[in-house]
Amino acid sequence: MRRTGLVDLVEVVRASSSLGAAKPDPAAFHAALARLDSAAATAPYVGDRLDEDVRATVGAGLTGVWLNRTGSAEDPGDIPTIMTLADLRCSSTWSSSA
């Protein structure tokens, strides 16, 4: 986190080894939410793998945001897409209820 410059932007990091499940299993996302005392509707998940990260997240009830660093032409459907983490803004626009 320090090396990427994200250490000051992220409050909590959870590894699948501490959750009892790993993505794309919805249980992994729900376990992380429970440990954060957060609701799925208010928790965006940013991932760079469209299927394993983002679509799995959406299937678990969270808002998925695709980090498409490579400029892939794959159609993400109605999934919000960013090209770089600099494009990410903490906002209610990432809420699944938006």
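Glu74 is partly exposed, with a relative accessible area of 40%; partly exposed means between the cut-offs for buried (under 20%) and exposed (over 50%), taken with a 1.4 Å probe and protein chains only. Salt bridges that share partners join Glu74, Arg55 and Asp51 into one network. A salt bridge is a side-chain nitrogen of Lys or Arg within 4 Å of a carboxyl oxygen of Asp or Glu. The model is a predicted one, in which local features need pLDDT of at least 70 and side-chain atom pairs count only at pLDDT 80 or more, while totals for chains, interfaces and linings use all residues. Residues are numbered from 1 along each chain as its sequence is written, and side-chain values use heavy atoms, leaving out hydrogens and water.

**Salt bridges**

The structure holds 5 salt bridges, including the three in the table.

| Pair | Closest N to O distance |
|---|---|
| Lys23 and Asp53 | 2.5 Å |
| Arg55 and Glu74 | 3.6 Å |

Arg55 lies in helix α2 and Glu74 in the loop between β2 (63-67) and β3 (81-82), so this pair ties together parts 19 residues apart in sequence. Arg55 is partly exposed at 32% relative accessible area. In the pair of Arg49 and Glu52, Arg49 is partly exposed at 43%, and Glu52 is partly exposed at 31%.

Lys23 forms its salt bridge with Asp53. Lys23 lies in the segment before α1 and Asp53 in helix α2, so the pair ties together parts that are 30 residues apart in sequence. Lys23 is partly exposed at 29% relative accessibility, whereas Asp53 is buried at 2%. Contact means heavy atoms within 4.5 Å. Leaving aside neighbours within four places in sequence, Asp53 is in contact with Phe29, Tyr45, Gly47 and Asp48 as well as Lys23.

**Fold and core**

The protein has 2 helices and 3 strands, in the order α-β-α-β-β along the sequence. Helices (H or I, at least four residues) and strands (E, at least two) are DSSP runs, numbered from the N terminus. Of the 98 residues, 29% are buried. Among contacts between residues at least 6 apart in sequence, 31% join residues at least 24 apart.

Asp25 caps the N-terminal end of α1, with a side-chain oxygen 2.8 Å from the backbone nitrogen of Ala27. The buried residues of α1 are Ala28, Phe29, Ala31, Ala32 and Leu33, and their cover includes β1 (44-47) and α2. Just after α1, Asp37 takes a positive phi of about 55 degrees.

The largest nonpolar core has 7 residues: Phe29, Leu33, Ala40, Ala43, Ala56, Ala60 and Leu62. Such a core is a set of buried Ala, Val, Leu, Ile, Met, Phe, Trp, Tyr and Cys residues joined through side-chain atoms within 4.5 Å.

**Surface**

The accessible surface of the protein comes to about 6400 Å², of which 52% belongs to carbon and sulfur atoms; areas come from the Shrake-Rupley method with a 1.4 Å probe, and for residues only the protein chains shown count as cover. Met1, Val7, Leu9, Val10 and Val13 form a nonpolar surface patch, with about 440 Å² of accessible area together. Patches are made of residues with over 30% relative accessible area and no salt bridge; like charges are joined within 9 Å, and nonpolar side chains (Val, Leu, Ile, Met, Phe, Trp, Tyr) within 5 Å. Leu9 sits in the segment before α1 (26-36) and counts as exposed at 67% relative accessibility.

Notes:
Polar contact = N/O pair within 3.5 Å; in protein donor to acceptor, adjacent residues only side chain to side chain.
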